[in-house]
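Student: Could you take me closely through one part of this model, the sheet and its surroundings, in a single connected account? Please state the criteria behind each term as you go.

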Amino acid sequence: LGGASAVGQHVVQLASKRMGLRVVASCSSRSADLVRSLDAHETVDYEADDVAERLAALRPTEGEGGYLAIIDCVGGASLLPSVPRLLSPRTRALPAGGSYTTIVGDKTSRAALGGSFLYWTCWAMLLRMLRGWLGFGYRYDCINFKNDASWLAEASEVTKDDGWTVSIDGEFAFEDVAEAFARVTEGRARGKVVIRVK
């Protein structure tokens, strides 16, 4: 979800180029060509389509059927009622079943911080995570970004691969940081927003 977002673009490429997985990504129609150029196999236009129904129609049918993972780079809870029928179920061949991982959580405001600390303010998210961890229903996790130099080094190596795309939506002078932040919170940035620091 959010295949054209800065994180979503990397998720699409990691899954498709590095892991060899079939990727279905949601994005707007104006971003569909960009997301397909990153090796997404299918795109779902969240502005024109019912995302849950479209994902269900594109759902893999191999094995038990269903997606191995849904990675949410958008936030909100509108897709959650459909997640059990979209993800691969827990089976003997796939005991963990499919997973739903979000970097945002149930919040819908881009100005508010997301991540797993929301477990303590959004009990529904905490309950979802615990149910999945105990084996009842699908696995759910809301993750935080972490400042870790080794991860940054690994990411910089991954992006050196031939054909890897790092999109820059715009560059702003340090004095224009408020304008840059507004660009990010509008939800229309397609790639990273860069602040030039002297």
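Tutor: The account below begins with a strand residue, widens to the sheet and a helix that covers it, and then turns to other parts of the chain.

This is a predicted model, in which local features need pLDDT of at least 70 and side-chain atom pairs count only at pLDDT 80 or more, while totals for chains, interfaces and linings use all residues. Residues are numbered from 1 along each chain as its sequence is written, and side-chain values use heavy atoms, with hydrogens and water left out.

**Thr-102 and its strand**

Thr-102 belongs to strand E4, which covers residues 99-102; helices (H or I, at least four residues) and strands (E, at least two) are DSSP runs, numbered from the N terminus. Thr-102 has a relative accessible area of 0% and is therefore buried, where buried means under 20% relative accessible area, exposed over 50%, and partly exposed in between, with a 1.4 Å probe and protein chains only. Its side chain makes polar contacts to the backbone. The side chain of Thr-102 reaches the backbone nitrogen of Val-104 at 3.0 Å, and a polar atom of that side chain lies 2.9 Å from the backbone nitrogen of Gly-105. A polar contact is a pair of N or O atoms within 3.5 Å; within protein, one must be able to donate a hydrogen and the other to accept it, and residues adjacent in sequence count only if both atoms are side-chain atoms. With neighbours within four places in sequence set aside, Thr-102 is in contact with Asp-72, Tyr-140, Asp-141, Cys-142 and Ile-143, contact being heavy atoms within 4.5 Å.

**The sheet around E4**

E4 is part of an open sheet of three strands, in the order E3-E4-E5 and with parallel pairing. E3 and strand E5 (139-142) stand at the edges with a single partner strand each, so one side of each has no neighbour in the sheet. From one strand to the next the twist averages 10°; the axes used are lines fitted to C-alpha atoms, for helices over the stretch in contact, and angles run from 0 to 180 degrees between N-to-C directions. Two strands pair if DSSP finds at least two bridges between them. E3 and E4 are joined in the parallel sense by four bridges, with Ile-71 opposite Thr-101 in E4. E4 and E5 also run parallel, joined by four bridges, and the bridge partner of Ser-99 in E5 is Arg-139.

**Helix H5 against E5**

E5 is included in what covers the buried residues of helix H5. In H5, residues 123-133, the buried positions are Met-125, Leu-126, Arg-128, Met-129 and Gly-132. Seen down the axis of H5, these buried residues fall within an arc of 160°, so they line one face of the helix; the arc is that of the directions from the helix axis to the C-beta atoms. An α-helix has 3.6 residues a turn, so residues three or four places apart point the same way. Trp-123 and Leu-127, on the other side of H5, are exposed. Just after H5, Gly-135 takes a positive phi of about 95°.

**Cysteines**

A search of the whole structure finds zero disulfides, a disulfide being a pair of cysteine sulfur atoms within 2.5 Å. Cys-122 is in no disulfide, and the nearest cysteine sulfur, that of Cys-142, is 8.9 Å away. Cys-122 counts as buried because its relative accessibility is 19%. The sulfur of Cys-27 is 12 Å from the closest cysteine sulfur, in Cys-73, which is too far for a bond. Cys-27 is buried as well, with a relative accessible area of 3%.

E1 pairs with E2 in the parallel sense over four bridges, and Ala-25 stands opposite Thr-43 in E2. The loop between helix H2 (32-37) and strand E2 (42-45) contains Asp-39. Asp-39 has a positive phi of about 90° although it is not a glycine. Most residues other than glycine have a negative phi. At 35% relative accessibility, Asp-39 counts as partly exposed.
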